[in-house]
Amino acid sequence: MSVRVNPCSHISRKHLTGRFQSWTAAACAAATLLFGTVPQAAAQTKALPGTIQAEDFDAGGNGSAYRDTTTGNTGGKYRSTDVDIESTPAGGYDVGWVAAGEWLKYTVNVATAGTYDLDIRVGSAVVGGTFHIEVDGVDKTGPISVPNTGGWQTWQTIRVSGVTLAAGTQVWRVVMDTNGSNTTSVGNFNWLQATLR
Ligand SMILES: [Ca+2]
Ligand SMILES: [Ca+2]
């Protein structure tokens, strides 16, 4: 789920024509300062164990919080970055048009050190896509294969078992390594879940 707030949407033209114009303008500016980054509230640390929506990667630019190989958001949904996000017909959003060489960062806080299972919800119409997940720069999964799930919007949960995680704040990076056969896509990414064993 996502919530978007336009802090200035409540200020009507009428309000801006009277003596309160400067006040409302100032309030709007202040509200923008306070709330202008709400669509990037996704940048806030994700609590694990728990679920991370793929589209809630960290705030920041191309090459910093993410790497995407095409300018702009091809799907045009949810966030205005170069990451390509589309509506998922089943609900919510997913990251699509995922090409090898791209990556997404997620700052997380792991409440409890231990052994975890990672479940990743993916969709693909072909086989051959691979990716891996790094924690603070260390590859924790090795290559993960995206199966042919029956379609780009047909979702399947794949599991990486027995991943050891330390407690505390860490930066996860989902790194796209290989495109599926005869496509320019690794697969579509819906969400990722970490469950303590
Ligand atoms: Ca793009
Ligand atoms: Ca992309």
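**Entry 1: Trp 97.** I started at Trp 97, which is buried, with 20 other C-beta atoms within 10 Å. The cut-off for buried is 20 or more such atoms, so Trp 97 qualifies. I note that this is a predicted model. I then looked up the backbone there: Trp 97 has a positive phi of about 50° although it is not a glycine. I placed Trp 97 in the loop between S5 and S6.

**Entry 2: Tyr 78.** I looked for another residue of this kind and found Tyr 78, also not a glycine, with a positive phi of about 75°. Tyr 78 lies in the loop between strand S3 (66–67) and strand S4 (85–87). Is Tyr 78 buried or exposed? I find it buried, with 22 other C-beta atoms within 10 Å. I flagged both residues because most residues other than glycine have a negative phi.

**Entry 3: Pro 49.** I checked omega next. The peptide bond from Leu 48 to Pro 49 is cis, with omega near 5°. I recorded this bond because most peptide bonds are trans. Pro 49 sits in the loop between strand S1 (46–48) and strand S2 (50–53).

**Entry 4: the core.** I turned to the largest nonpolar core, which has 35 residues. Which of its residues touch the most other members? I find that these are Val 95 and Leu 104. I then listed the elements that give two or more residues to this core: strands S5 (93–95), S6 (103–110), S7 (114–124), S8 (129–135), S10 (144–146), S12 (168–178) and S13 (188–196). S6 gives the largest share, 5 residues.

**Entry 5: Leu 104.** I looked up the contacts of Leu 104, leaving out residues up to four places away in sequence. What remains is Phe 57, Tyr 66, Val 83, Val 95 and Val 174. Val 95, one of these partners, is the residue named with Leu 104 in the core entry.

**Entry 6: strand pairing.** How many bridges join S6 and S12? I count 8, in the antiparallel sense. Within S12, Gln 170 stands opposite Val 108. S8 and S12 also pair in the antiparallel sense, over 6 bridges. For Thr 130, the bridge partner in S12 is Thr 178. I keep in mind for the strands that side chains alternate between the two faces of the sheet in a regular strand.

Methods
Residues numbered from 1 in each chain as written. Chains lettered and ligands numbered in written order. Predicted model: local features only at pLDDT ≥ 70, side-chain atom pairs only at ≥ 80, totals over all residues. Core = buried A, V, L, I, M, F, W, Y, C linked by C-beta atoms within 7 Å. Buried ≥ 20, exposed ≤ 12 C-beta atoms within 10 Å, placed from the backbone. Helix = DSSP H or I, 4+ residues; strand = E, 2+ residues; numbered from the N terminus. Contact = placed C-beta atoms within 7 Å. Pairing = 2+ DSSP bridges.
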